[in-house]
Amino acid sequence: MTNAQEAAAILVERRQTGTQGERLPESCRPTSLDQAIAIQVAVTERWCEQEDDSIGGWKCLLPPEGKLIVGPIYTRTIDSVAPVSLWSKPSDSKIARIEPELAFFFGRDLPLRAQPYTAAEVDAAISRTHLALELINCRYTDPTQCTFPEMLADGLVNQGLFIGPQVDNELARNASEFTLIVGQNDEFSSHNAEHPNANPRAPLYWLAEFLRSRGQGIVAGQAVITGSFAGVLEVPMNTEITLDYVGLGKMEVSFKAKS
């Protein structure tokens with residue numbers, strides 16, 4: 001068993017059981033971005049084999065210096081019907097952690113090829129855009145003690161994706177900033193929502209090239225999220241939640257704890 005496979009066995013088991021644990025053993029703990037991505041690949045292979053699953057999407061962001069913000073989202077962890085079952089911290093079992101995003105769906109493949117894809121080609125492959133929520137959970141008990149490669153190896157705290165209503169493609173591609181109103185139990189909070197890269201499609205162009213450079217591609221039907229507009233939000237389980245992306249659309253959702 002390689003170091004990547006050893007790490008993947010640990011992380012996949014934690015994904016399957018919703019448990020958290022200590023940092024990976026030093027024998028398989030990644031210390032570089034390349035090692036972290038190798039573990040991501042091994043996690044994907046193991047997860048998809050054991051769960052009869054596939055890559056249903058990706059999370060990405062324009063990478064800051066010295067980092068990569070990318071990770072697969074598995075098809076069986078993508079939901080569009082509430083209530084959404086998810087894992088939560090053992091200490092916060094009544095709290096769901098979510099990130100408000102936009103999901104760009106691809107209507108055609110961007111297969112492996114020799115030459116890079118242009119932004120116009122990526123745009124042309126997008127069939128529709130939806131409001132979305134990244135579902136957050138970590139497989140480490142104390143992520144503050146982990147290095148960035150350790151977090152990257154674990155898919156950057158992703159546990160799934162909730163797909164909300166479809167929105168206008170042109171409005172969404174220009175949605176660098178808007179007001180987000182979150183409602184629960186007749187109480188409302190307002191957030192200044194800003195995309196971390198200003199252009200919500202910019203990470204798509206980066207992802208297409210990143211995957212192409214690694215001998216992969218984007219597959220028709222996959223959804224890509226490109227960064228939270230308001231960081232991580234904590235909302236109660238078993239409660240009707242509304243999220244109004246003012247000027248774009250509105251979604252309703254609720255969450256329940258997996259057992």
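These legends describe close-up views of a predicted model.

View 1. P83 lies in the loop that runs between β3 (78–79) and β4 (84–86). Most peptide bonds are trans.

**View 2. Positive phi at L156 and V157**. L156 is not a glycine, yet its phi is positive, at about 55°. L156 sits in the loop between α4 (148–153) and β7 (158–167). Because its relative accessibility is 11%, and buried means under 20%, L156 counts as buried. V157, also a residue other than glycine, has a positive phi near 60°. The place of V157 is likewise the loop between α4 and β7. Most residues other than glycine have a negative phi.

**View 3. An open sheet of 4 strands**. The strand order is β9-β8-β12-β13, and the pairing is antiparallel. β9 (187–194) and β13 (249–253) are the edge strands; each has a single partner strand, so one side of each is without a neighbour in the sheet. From one strand to the next, the twist averages 15°.

**View 4. The pairing of β12 with β13**. Strand β12 covers residues 241–245 and pairs with β13 in the antiparallel sense. The two strands are joined over 5 bridges. In this pairing, T242 stands opposite E252, a residue of β13. β13 is at an edge of the sheet.

Definitions and conventions: Residues numbered from 1 in each chain as written. Predicted model: local features only at pLDDT ≥ 70, side-chain atom pairs only at ≥ 80, totals over all residues. Heavy atoms only, no water. Buried < 20%, exposed > 50% of the residue type's maximum accessible area, 1.4 Å probe, protein only. Pairing = 2+ DSSP bridges. Axes fitted to C-alpha atoms, helices over the stretch in contact; angles between N-to-C directions.
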